[in-house]
Amino acid sequence: MTNPDSLMAMTVAARATVLDPERIALVGGGANPRFELFHAASSLCSQKVRAVLHEKALPYRSNDMRILGTLGEHGLVPAEHYAPAYVRLRLVAARELGIGYVSGYSGRTSVRTEGFDPCVVPLLVDHEAGRVIADSRRICVYLDAVSRGPVQLVPDEPERRAEAMRQVDIVDRLPNGALLYGFHPDADLRPEPLKAAMRTVYDHKIMALEALIAAHPAEPELVAAWRSKIAKESGGRRLCRDPGFQRAARDRTAQLLAALEDDLAAGTFGCTRGHAFSLADLLWGVNLVRLSYLGLASMWQALPEVRAYAEALSRRPSLCREAIEASAASMPHSRFLDALAGCRAEALA
């Protein structure tokens with residue numbers, strides 16, 4: 001547990017890195033909520049956490065960060081989640097985790113398998129407990145543990161819990177970063193404005209990180225954090241146009257979807273198979289929405305269980321709001337997401 005006064009000072013400093021005050025808001029009521037979330041509307045991992053907060057009806061302070069740098073008339077404007085004050089807050093969570101920094105690029109975001117990224121969202125501050133929690137998987141499980149109602153997302157029954165968490169681990173292995181940032185050589189169906197942004201995104205990221213290192217040479221902990229991020233982004237720049245890597249990412253996704261089809265058909269889990277809605281359903285739902293946005297829903301057209309599952313999840317209000325609506329509002333328009341418009345209207349009515 002971090003000293004409350006120290007934690008509050010660090011959190012306020014991190015909050016100040018969000019330059020537009022309209023992107024700081026109280027969600028769910030209350031002037032001083034227990035939880036404070038640093039996130040981004042378009043971030044897949046942030047969408048997972050916000051969907052859990054929605055399911056649990058938990059009030060929180062929302063800090064919606066700009067996570068892509070821009071090159072304006074006055075030079076490079078770095079992403080807000082690279083800022084020293086925010087990284088310092090994330091390093092509080094890193095010390096509790098005891099996991100080494102990320103050192104390369106895999107196209108996946110799992111902290112458990114890839115290492116700790118000191119410059120990403122989401123990040124949760126629990127002011128009551130004096131804790132800072134990083135990694136979307138860990139945050140989601142934490143929120144379910146501290147608030148058991150109105151929906152319990154991680155089952156108590158050992159077999160159901162084991163299967164739900166096995167599915168959560170599978171979702172964690174999806175190569176979401178590679179699918180979003182990568183240029184597929186055969187069928188790149190991402191929106192054109194998104195592809196245009198991705199042509200230079202790694203250059204802007206690395207330039208911003210190098211400038212921060214040059215500006216803070218006397219802060220070795222921050223420098224080490226930014227250097228680890230450069231190693232990851234340099235790998236992304238090298239592999240984003242690698243045909244073999246991009247095809248392998250699609251193949252891996254197809255394999256995991258085929259395994260999901262088998263698991264749903266076997267009835268071992270799933271809200272469409274008679275089980276209570278769980279964290280596994282929620283995380284699969286967010287990821288299936290992202291795949292739809294990228295034009296990859298065709299990957300489950302021959303998988304009837306997954307097709308029915310994706311359709312049912314798209315009607316869940318938390319997923320409509322925090323995945324479908326958030327993506328439509330914060331990312332370049334994707335005609336593939338338009339296919340879910342009817343589900344959105346029905347669920348949000």
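What covers the buried residues of α1? The covering elements include β1 (24-27), β2 (35-39), β3 (60-64), α3 (84-97), β6 (123-126) and β7 (131-134). This tour visits several of them in turn.

Before starting, note that this is a predicted model, in which local features need pLDDT of at least 70, side-chain atom pairs count only at pLDDT 80 or more, and totals for chains, interfaces and linings use all residues. Residues are numbered from 1 along each chain as its sequence is written, and side-chain values use heavy atoms, with hydrogens and water left out. Helices (H or I, at least four residues) and strands (E, at least two) are DSSP runs, numbered from the N terminus.

**Stop 1: helix α1**

Select residues 4-15, which make up helix α1. Its 12 residues should span 16 Å at 1.5 Å a residue, and the end C-alpha atoms are 16 Å apart, which agrees. The expected span is 1.5 Å times one less than the number of residues.

Now colour Leu7, Thr11, Ala14 and Arg15, the buried residues of α1. Looking down the axis of α1, you will find these buried residues within an arc of 100 degrees, so they line one face of the helix. The arc is taken from the directions that run from the helix axis to the C-beta atoms. Buried means under 20% relative accessible area, exposed over 50%, and partly exposed in between (1.4 Å probe, protein chains only).

At the N-terminal end of α1, show the side chain of asparagine 3, which caps the helix. One of its side-chain oxygens lies 3.0 Å from the backbone nitrogen of aspartate 5.

Next select arginine 15, also in α1. Arginine 15 counts as buried because its relative accessibility is 17%. Apart from neighbours within four places in sequence, arginine 15 is in contact (heavy atoms within 4.5 Å) with Ile24, Glu36, Phe38, Arg61 and Asn63.

**Stop 2: the sheet**

Show the strands. An open sheet is formed by 5 strands in the order β1-β3-β2-β6-β7, with mixed pairing. β1 and β7 stand at the edges with a single partner strand each, so one side of each has no neighbour in the sheet. From one strand to the next, the twist averages 20 degrees. Strands of a sheet pair through backbone hydrogen bonds, either parallel or antiparallel. Here, two strands pair if DSSP finds at least two bridges between them.

Zoom in on β1 and β3, which pair in the antiparallel sense over 4 bridges. Isoleucine 24 stands opposite asparagine 63 in β3, and valine 27 stands opposite tyrosine 60 in β3. β2 and β3 run parallel and are joined by 5 bridges. Histidine 39 stands opposite aspartate 64 in β3.

Stay on β3. How many of the residues of β3 are buried? The count is 5 of the 5, so β3 is largely enclosed by the rest of the structure. Tyr60, Ser62 and Asp64 are buried on one side of β3, and Arg61 and Asn63 are buried on the other.

**Stop 3**

Most residues other than glycine have a negative phi, and most peptide bonds are trans. This stop and the next show exceptions.

Select alanine 57, in the loop between α2 and β3. Its phi is near 55 degrees, a positive value in a residue other than glycine. Alanine 57 is exposed, with a relative accessible area of 58%.

Then select aspartate 135, in the loop between β7 and α5. Phi of aspartate 135 is near 85 degrees, also positive in a residue other than glycine. Is aspartate 135 buried or exposed? At 9% relative accessibility, aspartate 135 counts as buried.

**Stop 4: two cis peptide bonds**

Go to valine 121 and proline 122, joined by a cis peptide bond with omega about 5 degrees. Proline 122 is in the loop between α4 (111-114) and β6.

Then go to glycine 149 and proline 150, where the peptide bond is cis with omega near -5 degrees. Proline 150 lies in the loop between α5 (136-146) and α6 (158-172).

**Stop 5: isoleucine 213**

Finish in helix α9 (residues 201-215), where isoleucine 213 lies. Isoleucine 213 counts as buried, at 11% relative accessibility. Leaving aside neighbours within four places in sequence, isoleucine 213 is in contact with Val223, Trp226, Arg227 and Ile230. From isoleucine 213 to glutamine 47 the C-alpha distance is 30 Å, and the two residues are 166 residues apart in sequence.

Definitions and conventions:
Polar contact = N/O pair within 3.5 Å; in protein donor to acceptor, adjacent residues only side chain to side chain. Axes fitted to C-alpha atoms, helices over the stretch in contact; angles between N-to-C directions.
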